[in-house]
Amino acid sequence: MRFNARFYALLSGAALTLGPAAAQTERAAPARPAAAAQAASQFTNSPREKLVVAMPKTYAKAETMLLWGDYFNHLARCGNVDLQNQQGESLEKSTNIDVLGEKELIDSLLTGKAQLAQVNPGLVPQLVGAGQPAPFGVPGNKASGKRNSYTLILISRVDSPFKEPKDLIGKKIAHSTPTSNSGNLAPRALFPAIGLVPDQNYEVVFSNGHERSVTGVMHGFYPAAAVASDLYQRMVVKGDVKGSSIRTLWESPPFMTETWTLGKDVSPELQARVKKCSYSYSFSPKLRQLLPGNDTFLPINFERDFSTVMEVYNKTQKAAQAAKSAAR
């Protein structure tokens, strides 16, 4: 994704609060709130551990560190943890964080090359099915206990002739990537009920990303696209797209948003450190601005919070198996 001047304005001054992880400076990190300092003292006698971090290719490296560098710094201090990239560079001294495509992100977790990662909900069933732990945290609101969520939206240009889903019969609709929940799995599971059977009522075109789908609709490359509402709204906040130029034709029930997960080889003691420190983290002002209404990480109840995601996953698996059987 190209950098955007308005996004840098939105995040201006963030490097002052992110400490060395984002600013790459030798100056001392700014003072943390008392709660963070208190949490840090609980693990000073624990051995310093290493964790390799992997992030999705949602944003470029610089943008990723501007958003999440403060969390990494908090986790390093609070948990007595050295967060690194796969080259062994400490993220307290470098902004060279690994931003990976979906397949590479999954492989990194499964092979133990990465131990801490942010993953989109469409990848979670695959990871859990392969024996990885369920995600431990999601952005949310501490006071209300409400976890961040998003919906699948079907969008087109506001000046297009498409007013409802059935108007797209015989057209092309952009899906993001094959493993994306809202960008492919959910449309395949939910669109048939609104009269749009993928690959039958319309042609599926993979854009290779939600942002590319939105941009493609905006510039007329795709008549419509299936995208995640939260990623679309972030593009509006960043100024990449004008909300007034896009029409929403349909919206799904809510799904869990991106979550944080640990690798299966992380020791129980270190898992406890990461979780405790993550739940004590107070989002930076710029992160709160990008994720309105969210101010911390909340624990996840997998059976409850991922029930809709698992429903979509099971439906798509069943449909894929039926298609294979029919082709024999």
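1. Starting with E164: at 37% relative accessibility, this residue counts as partly exposed, a class that sits between buried (under 20% relative accessible area) and exposed (over 50%), using a 1.4 Å probe and protein chains only. E164 forms a salt bridge with K166, with the closest N and O atoms 3.9 Å apart. The rule for a salt bridge is a side-chain nitrogen of Lys or Arg within 4 Å of a carboxyl oxygen of Asp or Glu. K166 is exposed, at a relative accessible area of 52%. By this rule the count comes to 14 salt bridges.

2. A word on what you're looking at. This is a predicted model, where local features need pLDDT of at least 70 and side-chain atom pairs count only at pLDDT 80 or more, while totals for chains, interfaces and linings use all residues. Residues are numbered from 1 along each chain as its sequence is written, and side-chain values use heavy atoms, with hydrogens and water left out.

3. On confidence: pLDDT, the predictor's confidence in each residue from 0 to 100, averages 86 for the protein, and 88% of the residues score at least 70. Over residues 1–39, though, the pLDDT is below 50, and this stretch still has 66 contacts in the model beyond near neighbours in sequence. Contact here means heavy atoms within 4.5 Å. Where pLDDT is low, the predicted coordinates should not be read in detail.

4. The overall picture: the protein has 14 helices and 14 strands, taken as DSSP runs numbered from the N terminus (helices are H or I with at least four residues, strands are E with at least two). Of the 328 residues, 53% count as buried. Among contacts with a separation of 6 or more, 76% come from residues 24 or more positions apart.

5. Not counting residues up to four places away in sequence, K163 touches R247 and L249. Its C-alpha is 8.6 Å from that of T248, though K163 and T248 are 85 residues apart in sequence.

6. Now for charges on the inside. D230 and R234 both lie in helix α10 (residues 229–238), four residues apart, about one turn of the helix. An α-helix has 3.6 residues a turn, so residues three or four places apart point the same way. D230 forms a salt bridge with R234, the closest N and O atoms being 3.6 Å apart. D230 is buried at a relative accessible area of 11%, and R234 counts as buried at 9%.

7. R234 has another partner: its side chain meets that of E258 in a salt bridge (3.3 Å, N to O). With R234 in α10 and E258 in the loop between β12 (255–256) and β13 (259–262), the pair ties together parts that are 24 residues apart in sequence. E258 is buried, as is R234. Elsewhere, E49, E269 and R273 are linked in a network of salt bridges.

8. D82 lies in strand β2 (residues 81–84), and its side chain makes a polar contact with the side chain of S90 at 2.9 Å. A polar contact is a pair of N or O atoms within 3.5 Å; within protein, one must be able to donate a hydrogen and the other to accept it, and residues adjacent in sequence count only if both atoms are side-chain atoms. Leaving aside neighbours within four places in sequence, D82 is in contact with R48, E49, K50, L51, S90 and E92.

9. Aromatics: the structure holds 17 aromatic pairs. Rings of Phe, Tyr and Trp (its six-membered ring) pair if their centres lie within 6.5 Å, and planes under 30 degrees apart count as stacked, over 60 as edge-to-face and the rest as tilted. Y71 and F72 have ring centres 5.8 Å apart and planes at 40°, so this pair is tilted. Both Y71 and F72 are buried.

10. Last, helix α9 (residues 210–218) is mostly covered, with seven of its nine residues buried. These are H210, E211, S213, V214, G216, V217 and M218. The buried residues of α9 pack against β7, β8, α8 (181–190), β10 (224–228), α10 and β11 (246–251). Just after α9, G220 takes a positive phi of about 85°.
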